[in-house]
Amino acid sequence: MGLDRPITVGRIDYANVWPIFDRFDEVRAECRLTGVNVVVGMPSELNGALMEGNVDMASVSSFAYGRHAEQLVLLPDLSVSADGEVRSILLFIKKPLDDVLKGTVAVTSTSATSVNLLKIILQGRFGAEPRYITMEPDLDAMLEEADAALLIGDHAIQGSWRTDHGCEVLDVGRLWKDWTGLTMTFAVIAVRKEVALRAPEKVSDIYKALLESKRRGLQEIDCMASKAAARLGGLRDYWEAYFNGLRYGFGPDERQGLTQYFRYADRLGLLERAAGLQFWSDQSVAQVKE
Ligand SMILES: C=C(O[C@@H]1C=C(C(=O)O)C=C[C@H]1O)C(=O)O
């Protein structure tokens with residue numbers, strides 16, 4: 001037992017996680033929380049790193065949690081979710097939707113949740129199974145190869161500001177909400193079970209620091225919006241509306257939406273089984289089974 005090494009935490013390199021992570025370094029310094037390394041990456045990179053054990057806990061695609069739920073636990077009260085529009089999970093369609101449904105869709109290599117969400121919606125709601133090709137998140141290159149392109153995160157946002165692609169832009173969070181009436185959880189923070197078992201105090205300290213970072217981040221969305229505009233472009237007001245439009249908790253609505261998503265993914269054979277949601281708690285860490 002025990003874990004005689006630093007803990008590595010993976011942070012998604014998109015603005016959507018800023019409200020959770022932006023103040024994390026500051027809070028850790030204040031609490032003198034040492035022995036923590038932070039690495040950044042695209043969701044698909046962190047999904048792989050968490051499963052390979054190269055990171056111990058990370059913000060990852062909720063789909064990746066669903067695929068490997070038996071090896072992971074979720075941190076409560078932390079997610080990236082939306083109840084309708086997300087603004088950063090976007091399908092750019094260059095032909096009428098009916099043609100896209102019979103055609104080819106290029107999907108970003110950075111995603112797991114949204115690619116499968118799109119498959120679920122296109123098949124479940126429209127009875128369509130277009131050909132999917134996975135590509136780097138380059139809108140022009142994707143639209144050259146396909147009738148539509150799915151982008152997520154900052155790539156989607158920056159694509160949505162362009163006026164030269166001539167596409168209609170569909171918000172996939174809105175499509176999900178209109179079809180199911182549910183919230184959608186795109187990212188979760190998951191911990192490897194063996195790490196939660198071997199280093200419960202450390203996980204607890206990191207969890208508390210993340211909660212405090214989120215509390216501060218959400219109190220100062222205006223500062224974060226200015227920083228996002230300076231770093232990533234766009235207007236401060238855009239970013240303020242973006243951060244305010246997302247949800248960062250993991251309450252009953254998020255659980256219901258994610259559970260339904262896992263059920264659909266299971267039905268379509270995208271997951272081996274519909275995963276349950278197992279949350280970490282420092283009181284019950286001994287009950288977390290390996
Ligand atoms: C809201 C978002 O949520 C994300 C979507 C993910 C996915 O599709 O796998 C993973 C993590 C989040 O970055 C976004 O990227 O815009």
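What follows goes through the domains, their sheets, the helices and the ligand.

## Before you start

You're looking at a predicted model, so local features need pLDDT of at least 70 and side-chain atom pairs count only at pLDDT 80 or more, while totals for chains, interfaces and linings use all residues. Residues are numbered from 1 along each chain, following the sequence as written.

Where they touch, 23 residues of domain 1 are in contact with 20 residues of domain 2 (contact means that the C-beta atoms, placed from the backbone, lie within 7 Å). On the domain 1 side, helix 3 (43-52), helix 4 (62-67), strand 10 and helix 14 each give two or more residues. Helices (H or I, at least four residues) and strands (E, at least two) are DSSP runs, numbered from the N terminus.

By class, this side of domain 1 has 15 nonpolar, eight polar and no charged residues. Here Ala, Val, Leu, Ile, Met, Phe, Trp, Tyr, Cys and Pro count as nonpolar, Asp, Glu, Lys and Arg as charged, and the others, Gly among them, as polar.

Five strands make an open, mixed sheet in the order 2-1-3-10-4; two strands pair if DSSP finds at least two bridges between them. Strand 2 (36-41) and strand 4 (72-82) are at the edges with a single partner strand each, so one side of each has no neighbour in the sheet. From one strand to the next, the twist averages 25° (axes are lines fitted to C-alpha atoms, for helices over the stretch in contact, and angles run from 0 to 180 degrees between N-to-C directions).

Strand 4 runs antiparallel to strand 10 (residues 184-192), and seven bridges join them. Ser-79 sits opposite Val-188 in strand 10. Helix 14 (residues 252-267) packs on this sheet, touching strand 4 and strand 10, and its direction makes about 90° with that of strand 10.

Strand 5 (residues 89-93) and strand 8 (residues 148-152) run antiparallel, joined by five bridges. Leu-90 has Leu-151 as its bridge partner in strand 8.

## Helix 6 meets helix 14

The axes of helix 6 and helix 14 come within 10 Å and cross at roughly 70°. That makes the two helices roughly perpendicular (65 to 115 degrees counts as roughly perpendicular, under 35 as roughly parallel, over 145 as roughly antiparallel and the rest as oblique). Asn-116, Leu-117, Ile-120 and Gly-124 of helix 6 make the contact with Tyr-261, Tyr-264 and Ala-265 of helix 14.

## Around the ligand

How many residues surround the ligand? There are 17, and the closest are Ser-61, Ser-88, Ser-111, Ser-114 and Phe-186 (a residue is near a molecule if its C-beta atom, placed from the backbone, lies within 6 Å of it). Helix 6 (113-126) and strand 10 are the elements that give two or more residues to this shell.

The shell has ten nonpolar, seven polar and no charged residues. Domain 1 and domain 2 both give residues to it, so the ligand lies between them.

Note on methods
Two residues are in contact if their C-beta atoms, placed from the backbone, lie within 7 Å. Domain bounds come from an automatic or database domain assignment.
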